Amino acid sequence: MLSKRVMAGLPLGLAVAIAGCGGSSSNQASQTTHQTSAVASSQSGTSSSQSTMPSSQSGMSGSGSSAAMMEAHTGARVSVASPAPGTVVTGPSVPFHVALSNFKVDCSSAGTPDKAGVGHYHITLDGSLINMYCEPNSQVSMLDVKPGMHMLGFIPASNEHADDMKAAKMVPIDYRPATAATTVTPLHFPGKPQIEILSPKSGETVHGTLTLHIAVKNFKLSCAMYGKPDVAGYGHWHLNVDSTTMGMMGMGTMLRMSCSNTLSISLAHIKPGTHRFYAILEDNQHAPTPKAMASVSVNVG
Ligand SMILES: [Cu+2]
């Protein structure tokens, strides 16, 4: 994982920011492409498990100095079948097809301790993290992207989301939207952002798969805005296990990110026993600036 500071040093003005990573359900990206003004559908719910994240737990302090140690050497090789370099993109998203070799691609291990030869991959747009992926095919939304040349990055990453920049493949694309480029306007809610875990409840025992149901208030969850410039009122949430402060911006223990109210993850690589799962609101740049999170203690059977 590279810090904003590190990425800012990249040439060609490609580095905007990079931080963290998240859910593999990237097929949702295009589904939210035009939901630029709708209010999140799940604004109901009680506030029993909500909490405000103290700034000391945001994991952002000192992240720059530790970033250099967080580069991974995965051994992976990446080949990008599409898009071809220079591809002209006219639609609302750019599909991609990638293959990784010499590497076990396993999103169920993401957010658990690093293991040699295992991980997933990150996609960046102009140096800014979009998401984490395991599937070979998906797409990146062009929502809020300016027309012109942009750089997609395909970067093998360790379970703890450290990037293997030496193995990364960079692919320039030429965005020429067929219609006027879609931009996103800020949303101003009447109160502070909130997130609540509706289920499971604390003390429950779960086997095999953990399904979280969450609700947000005063916040618009948007996959299409993953990695895009921050826009007031927009973002997504990260699911962490046992810690919110490990690694770059707290993402060393991030299992997945999501823009949905329901998220299911495999518990295959979570040790049996009691674990605390954190749902953390994040801005588009994957920083916990909304300062809202909820947590639940669950027995993994
Ligand atoms: Cu994120």
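Q: Which residue in S4 does Ser82 stand opposite?
A: This is a predicted model. Strand S2 covers residues 77–82, and five bridges join S2 to strand S4, residues 93–101, with the two running antiparallel. The residue in S4 that stands opposite Ser82 is His97.

Q: What is the bridge partner of Ser79 in S4?
A: S2 and S4 run antiparallel, and Ser82 stands opposite His97. For Ser79, the bridge partner in S4 is Ala99.

Q: Which residue in S8 is the bridge partner of His97?
A: S4 also pairs with S8, over five bridges in the antiparallel sense. Strand S8 covers residues 137–141. In S8, His97 has as its bridge partner Asn137.

Q: What is the order of the strands in the open sheet of three strands?
A: S2 and S8 are the edge strands, each pairing on one side only. S4 is joined to S2 by five bridges and pairs with S8 over five bridges. The pairing is antiparallel, and the order is S2-S4-S8.

Q: What does the twist average from one strand to the next?
A: The sheet is open and has three strands, in the order S2-S4-S8. From one strand to the next, the twist averages 40°.

Q: Which residues form the covered face of S4?
A: In a regular strand the side chains alternate between the two faces of the sheet. The uncovered face of S4 has Ser93, Pro95, His97, Ala99 and Ser101. The covered face is formed by Val94, Phe96, Val98 and Leu100.

Q: Does Ser138 count as buried or exposed?
A: Ser138 lies in strand S8. The C-alpha atoms of Ser138 and Pro95 are 5.7 Å apart, although the two residues are 43 residues apart along the chain. A residue is buried if 20 or more other C-beta atoms lie within 10 Å of its own. Ser138 has 22 C-beta neighbours inside 10 Å, so Ser138 counts as buried.

Q: Over which residues does pLDDT stay under 50?
A: The protein averages a pLDDT of 83, and 77% of the residues score at least 70. Where pLDDT is low, the predicted coordinates should not be read in detail. The model has 164 contacts beyond four places in sequence for the stretch where pLDDT stays under 50, residues 1–69.

Q: What percentage of the residues in the protein is buried?
A: The protein has two helices and 19 strands. Of its 301 residues, the buried ones make up 50%.

Terms used:
Residues are numbered from 1 along each chain as its sequence is written. This is a predicted model: local features need pLDDT of at least 70, side-chain atom pairs count only at pLDDT 80 or more; totals for chains, interfaces and linings use all residues. Two strands pair if DSSP finds at least two bridges between them. Helices (H or I, at least four residues) and strands (E, at least two) are DSSP runs, numbered from the N terminus. Axes are lines fitted to C-alpha atoms, for helices over the stretch in contact, and angles run from 0 to 180 degrees between N-to-C directions. A residue is buried if 20 or more other C-beta atoms lie within 10 Å of its own, exposed if 12 or fewer, and partly exposed in between; C-beta atoms are placed from the backbone. pLDDT is the predictor's confidence in each residue, from 0 to 100. Two residues are in contact if their C-beta atoms, placed from the backbone, lie within 7 Å.
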